[in-house]
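I opened the model today to look up a few points. My notes follow in the order in which I took them.

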Amino acid sequence: MATGSTIGAVAPTVGRRSGAAFPEMLKDSALFALVTLGLSIPVVAYRTDLGQGTGLELTGRWGVVAGLCLAVFVLRLGQRLLLGEVARRREAHRLATAEAPPVAARAGRVLAPLTLAVALTLPLLAALGSGGLSEGRYWIDLGILILTYVMLGWGLNIVVGLAGLLDLGYVAFYAVGAYSYALLATVFGLSFWICLPLAGLFAAAFGVLLGFPVLRLRGDYLAIVTLAFGEIIRLVLINWVDFSGGAAGLSSIPRASFFGIPFTAGEGGFASTFGLSFSPMHRIVFLYYLILVLALVTNLVTLRMRRLPLGRAWEALREDEIACRSLGIDTTMTKLTAFALGAMFAGFAGSFFAVRQGFVSPESFNFLESAIILAIVVLGGMGSQLGVAIAAIVMVGAPELLRNLTFLKAVFGEGFDPNEYRLLLFGLAMVCMMVWRPRGLISERTPSVRLGSRAA
Amino acid sequence: MSVAGINVLVDETRARTEAAKAPLLSVRGVSAYYGSIRALKGVDVDVHEGEIVALIGANGAGKSTLMMTIFGQPQAREGTITFAGQDITRLPTHEIARLNLAQSPEGRRIFSRMTVRENLQMGAAVNGGKHFAEDLERMCVLFPRLRERIDQRGGTMSGGEQQMLAIARALMSRPRLLMLDEPSLGLAPLVVKQIFSAVRDLNAREGLTVFIVEQNAYHALKLAHRGYVMVTGAVTMSGTGQALLDDPQVKAAYLEGGSH
């Protein structure tokens with residue numbers, strides 16, 4: 001009753017406001033068109049062509065400018081009209097459903113199991129979709145790539161999302177993991193299954209190593225030091241040729257075995273042991289499930305940690321360090337464990353990367369990788385596990401999608417390569433995100449305890 | 001039976017008189033600096049078991065600095081601070097907090113994205129959450145508003161509720177001494193009254209020792225057994241709460257116009 005009357009009271013006001021504002025909208029749109037005109041005069045209005053002789057000639061393109069201004073005018077007007085309508089509806093909706101659970105919680109309940117189901121059955125789906133396991137290889141490879149980034153995103157989420165420590169050099173730990181497997185396997189001949197935990201341990205040790213000097217830093221200062229740390233690791237790998245092979249990297253890294261059974265064609269290989277006909281796809285599918293398990297372990301550990309005192313201390317640390325200390329929380333230990341655990345998962349992912357590629361070089365661990373992983377965490381919504389997974393799918397999957405938009409060649413001509421517009425679209429997506437969802441795709445933080453659940 | 005009872009009584013009395021002799025918290029000649037600026041100039045303050053002690057003074061007198069110095073940030077450059085017989089002058093903040101000494105810091109500093117329950121869990125982190133359910137219930141009785149808001153995010157509550165949460169969070173560690181820094185700051189008079197009466201109750205029923213730093217001199221001195229007045233980094237006056245309330249100097253400096 002009360003809610004209904006409120007809507008009744010609000011709706012006419014909004015309607016009147018948007019109605020009265022139509023001339024204002026026209027004026028606003030005209031202003032936009034004027035700005036477009038000003039911007040396009042130096043950029044669009046003249047084209048330089050090779051004239052007769054040696055000089056350049058200016059060709060006027062005033063038709064294009066007029067078209068641009070008109071388009072901006074129409075688009076702006078449309079946007080104002082549409083947004084007014086959307087805002088009014090949203091207001092009415094908000095009033096009507098003030099008590100409904102947050103969107104994120106409802107979306108998570110459906111989306112999370114769905115994503116997991118697709119992830120679990122992806123090799124099967126790929127095989128069915130493209131008519132054979134080998135034909136579906138592209139999709140499985142893409143799945144492996146995405147899952148690697150999901151895992152890295154979840155790992156960095158511990159440091160950035162939960163503990164609130166901005167780390168721009170996360171890729172350093174990824175590199176430590178990759179090189180520790182590469183070196184241990186090629187020099188000492190250790191198997192992947194021994195190297196995996198070792199790689200995690202090494203990376204965690206490096207996490208603590210980075211953690212100590214930056215304990216007193218926060219925000220911008222921390223970001224710069226971690227950025228430098230990432231670069232130092234990369235430069236050491238490039239320049240310490242005797243140790244790491246320098247810029248040429250390390251190659252012929254042994255491949256993963258099925259718990260000791262190699263994926264080879266001959267006697268004693270995976271196929272003959274299990275009575276299957278040999279296919280190189282067995283290894284790919286195995287790698288897919290390996291990274292899926294690693295990523296899920298990362299997720300489960302994070303979810304579990306959030307309910308433990310230590311994980312809760314991470315979140316409290318992000319909120320207020322001084323309050324933490326006055327409640328008897330050792331902030332030094334809390335930060336170091338966050339760095340160490342986050343780094344450990346990067347180490348796991350790194351050794352997976354090495355075993356999958358069979359080749360590592362410093363070029364794979366440049367700053368852009370750190371930036372992409374961080375973008376995944378920020379876009380996903382700091383601290384949200386599902387958000388990070390979705391962001392990784394979008395960030396890594398979308399460029400691949402772009403590569404496949406060959407039909408656009410029919411529109412823009414043969415020379416059009418959609419992939420060249422990758423960074424442009426990426427930037428555009430970033431701007432849109434920051435305008436509409438500034439706190440990430442899933443910005444609602446789920447409490448670690450709720451009424452009804454047992455208090456830990 | 002009766003002899004044993006008397007013995008226990010005697011023991012208790014002796015323990016109590018000993019406690020009365022040695023204050024629970026003792027600040028002796030403490031000086032603290034921000035860079036080269038001397039913010040505290042040889043401060044002496046005692047808080048005995050079972051007392052409510054108020055520290056009043058104007059803006060910038062060093063009240064909060066004293067509170068923070070007791071908690072080790074900044075550390076005292078001169079003088080000693082002892083709590084329950086232990087020298088805590090050089091201990092880091094988190095170790096001081098583990099000694100049954102709890103603080104509701106200035107500006108409340110609750111964890112705004114965490115729920116009320118999670119905030120209280122953080123308060124119980126010191127003792128590993130052993131009596132969590134029991135203490136949670138105690139806090140909900142003390143501040144019924146917290147029960148209503150138990151699964152709400154701390155940052156979405158009103159200032160008064162946040163202050164209640166800050167005090168409740170500090171109490172979750174079952175402290176022997178509760179230190180409150182400006183609990184009335186920015187709150188409506190009615191809410192201030194609620195919070196102060198909760199503190200008085202805790203002191204009367206559970207014998208909780210309270211050290212309170214306040215600008216709201218009238219309410220603080222009404223509440224306190226004893227009080228100290230601080231001016232530019234030094235304690236200039238001390239006495240019982242009522243004596244200070246009646247003192248013409250205190251009246252002129254802190255109460256006239258500021259109270260009823």
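This is a predicted model: local features need pLDDT of at least 70, side-chain atom pairs count only at pLDDT 80 or more; totals for chains, interfaces and linings use all residues.

**Entry 1: a helix pair in chain A**

Which residues of helix 11 of chain A meet helix 14 of chain A? I found Leu287(A), Leu290(A), Ile291(A), Leu294(A) and Thr298(A) on the helix 11 side. Facing them in helix 14 of chain A are Phe345(A), Phe348(A), Ala349(A), Phe352(A) and Arg356(A). By class, the residues of this contact are eight nonpolar, one polar and one charged.

I then checked the geometry. Helix 11 of chain A covers residues 281–307, and helix 14 of chain A covers residues 331–357. Their axes come within 11 Å and cross at roughly 175 degrees. Angles over 145 degrees count as roughly antiparallel. Helix 11 and helix 14 of chain A are therefore roughly antiparallel to each other.

**Entry 2: chain A as a whole**

I counted 18 helices and two strands in chain A. The C-alpha trace of chain A spans about 80 × 75 × 50 Å along its principal axes. Of the 456 residues in chain A, 34% are buried. I also looked at contacts in chain A with a separation of 6 or more: residues 24 or more positions apart account for 73% of them.

**Entry 3: Phe188(A)**

I located Phe188(A) in the loop between helix 6 (171–187) and helix 7 (192–211) of chain A. Buried or exposed? Phe188(A) counts as exposed, because it has 9 C-beta neighbours inside 10 Å; the cut-off for exposed is 12 or fewer. I also took a distance to Gly136(A), which is 52 residues from Phe188(A) along the chain. Their C-alpha atoms are separated by 36 Å.

**Entry 4: where the chains touch**

The predictor gives the complex an ipTM of 0.84 and a pTM of 0.78. How many residues of chain A are in contact with chain B? I got 24 residues of chain A, in contact with 26 residues of chain B. On the chain A side, the elements giving two or more residues are helix 12 (309–319) and helix 13 (321–326). Helix 12 of chain A gives the most, with six residues. The chain A side has twelve nonpolar, four polar and eight charged residues.

**Entry 5: helix 7 of chain B**

I checked confidence before going into chain B. Chain B averages a pLDDT of 88, and 90% of the residues score at least 70.

Helix 7 of chain B runs over residues 159–171. At 1.5 Å a residue, its 13 residues should span 18 Å. Its end C-alpha atoms are 18 Å apart, so the length agrees.

Helix 7 of chain B is mostly covered, with twelve of its 13 residues buried. Among them are Gly160(B), Met164(B), Arg169(B) and Leu171(B). The buried residues of helix 7 pack against several elements of chain B, including strand 6 (101–104), helix 5 (132–142) and helix 8 (189–206).

**Entry 6: Gly72(B)**

I found Gly72(B) in the loop between helix 2 (63–70) and strand 4 (78–83) of chain B. Gly72(B) is buried, because 21 other C-beta atoms lie within 10 Å, and the cut-off is 20 or more. What does Gly72(B) contact, leaving aside its neighbours within four places in sequence? I listed Leu91(B), Pro92(B), Thr93(B) and Ile96(B). Lys222(B) is 150 residues from Gly72(B) along the chain, and their C-alpha atoms are separated by 29 Å.

Technical notes. Residues are numbered from 1 along each chain as its sequence is written. Chains are lettered from A and ligands numbered from 1 in the order in which they are written. Helices (H or I, at least four residues) and strands (E, at least two) are DSSP runs, numbered from the N terminus. The expected span of a helix is 1.5 Å times one less than its number of residues. Two residues are in contact if their C-beta atoms, placed from the backbone, lie within 7 Å. pLDDT is the predictor's confidence in each residue, from 0 to 100. Ala, Val, Leu, Ile, Met, Phe, Trp, Tyr, Cys and Pro count as nonpolar, Asp, Glu, Lys and Arg as charged, and the others, Gly among them, as polar. Axes are lines fitted to C-alpha atoms, for helices over the stretch in contact, and angles run from 0 to 180 degrees between N-to-C directions. Angles under 35 degrees count as roughly parallel, over 145 as roughly antiparallel, 65 to 115 as roughly perpendicular and the rest as oblique.
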